[in-house]
Amino acid sequence: MNMILLEATLRHIVERDVTEDSQHGFTKNKSCLINLAAFYNGVTTLVDKFKGKDMIYLDVCKGFDTVPHNILLPKLKRYGFDGWTVRWIRNWLEGRSKTIVVNNSMYKWMPVKSGVPQWSILELVMFNISMT
């Protein structure tokens, strides 16, 4: 089911121009290497023209854990995903809980209100949509 939803989601993203042209993750005929080459080309062009640019590097390695469900789901609706798809994704995201264990002491289980399930094939796509 995840693979079917992934293919439909990627097709929808392309048809509706949900992501920017600079987005390279999960984009047909683009990759991280192509993104790096485009970035390098842009920076060297500016340097050659003696134009300064400020850059900020962000580490989003924990970004998948911080995708708020209450922001992602309305974005899916705004980008024209049908009601069935949005409900399926809501059910996939909600109803999960987490706890912490420290020195064999387990803390109270808490509902998960943000983040996408890790190791899912939909993880990166949902993160990309939440960042648009």
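# Chatting through a predicted chain

Colleague: Let's start with serine 130: buried or exposed?

Modeller: Serine 130 counts as buried, because its relative accessible area is 9%, and the cut-off for buried is under 20%. Keep in mind that we're looking at a predicted model.

Colleague: Where does serine 130 sit?

Modeller: Serine 130 belongs to helix 5, which covers 123-131.

Colleague: And which residues does serine 130 touch, if I skip those up to four places away in sequence?

Modeller: With those skipped, serine 130 touches Val67, Leu72 and Lys75.

Colleague: Let's follow that lysine. Which helix is lysine 75 in?

Modeller: Lysine 75 is in helix 3, which spans residues 69-78. Leaving out neighbours within four places in sequence, lysine 75 contacts Ile129, Ser130, Met131 and Thr132.

Colleague: OK, let me zoom out. How many helices and strands does the chain have?

Modeller: The chain has 5 helices and 4 strands. Reading from the N terminus, the order is α-α-α-α-β-β-β-β-α.

Colleague: What share of the chain is buried?

Modeller: There are 132 residues, and 27% of them count as buried. The chain exposes about 9900 Å², with carbon and sulfur atoms supplying 58% of that area.

Colleague: What about contacts across the sequence: what percentage join residues at least 24 apart?

Modeller: Taking contacts between residues at least 6 apart in sequence, 62% join residues at least 24 apart.

Colleague: Can you show me one pair like that? How far apart are serine 114 and valine 67?

Modeller: In sequence, serine 114 and valine 67 are 47 residues apart, yet in space they are 5.1 Å apart from C-alpha to C-alpha. Serine 114 lies in the loop between strand 4 (110-111) and helix 5. Not counting residues up to four places away in sequence, serine 114 touches Asp65, Thr66, Val67, Pro68, His69 and Arg96.

Colleague: Switching to helix 4 now. Which of its residues are buried?

Modeller: In helix 4 (residues 83-93), the buried ones are Thr85, Val86, Trp88, Ile89, Trp92 and Leu93. Looking down the axis of helix 4, those buried residues fall within an arc of 160°, so they line one face of the helix.

Colleague: What do the buried residues of helix 4 pack against?

Modeller: The buried residues of helix 4 pack against helix 1 (2-15), helix 3 and helix 5.

Colleague: What happens at the start of helix 4?

Modeller: A side-chain oxygen of aspartate 82 comes to within 3.0 Å of the backbone nitrogen of tryptophan 84.

Colleague: And what follows helix 4?

Modeller: Glycine 95 follows helix 4, and its phi is positive, near 85°.

Colleague: How many salt bridges does the structure hold?

Modeller: The structure holds 1 salt bridge. Glutamate 94 forms a salt bridge with arginine 90, and their closest N and O atoms are 4.0 Å apart. Glutamate 94 is partly exposed at 38% relative accessibility, and arginine 90 is partly exposed at 31%.

Colleague: Where is asparagine 104 found?

Modeller: Asparagine 104 is in the loop between strand 2 (101-102) and strand 3 (105-106). Phenylalanine 50 is in the loop between helix 2 and helix 3.

Colleague: Phenylalanine 50: buried or exposed?

Modeller: Phenylalanine 50 is exposed, with a relative accessible area of 80%. Asparagine 104 is exposed as well, with a relative accessible area of 80%.

Colleague: Last topic: which residues make the nonpolar surface patch of about 420 Å²?

Modeller: Leu33, Leu36, Phe39 and Met55 make that patch. One of them, leucine 36, is in helix 2 (residues 32-48), and leucine 36 counts as exposed because its relative accessibility is 54%.

Conventions
Residues are numbered from 1 along each chain as its sequence is written. This is a predicted model: local features need pLDDT of at least 70, side-chain atom pairs count only at pLDDT 80 or more; totals for chains, interfaces and linings use all residues. Side-chain values use heavy atoms; hydrogens and water are left out. Patches are made of residues with over 30% relative accessible area and no salt bridge: like charges are joined within 9 Å, nonpolar side chains (Val, Leu, Ile, Met, Phe, Trp, Tyr) within 5 Å. Accessible areas come from the Shrake-Rupley method with a 1.4 Å probe; for residues, only the protein chains shown count as cover. A salt bridge is a side-chain nitrogen of Lys or Arg within 4 Å of a carboxyl oxygen of Asp or Glu. Helices (H or I, at least four residues) and strands (E, at least two) are DSSP runs, numbered from the N terminus. Buried means under 20% relative accessible area, exposed over 50%, partly exposed in between (1.4 Å probe, protein chains only). Contact means heavy atoms within 4.5 Å. The arc is that of the directions from the helix axis to the C-beta atoms. A polar contact is a pair of N or O atoms within 3.5 Å; within protein, one must be able to donate a hydrogen and the other to accept it, and residues adjacent in sequence count only if both atoms are side-chain atoms.
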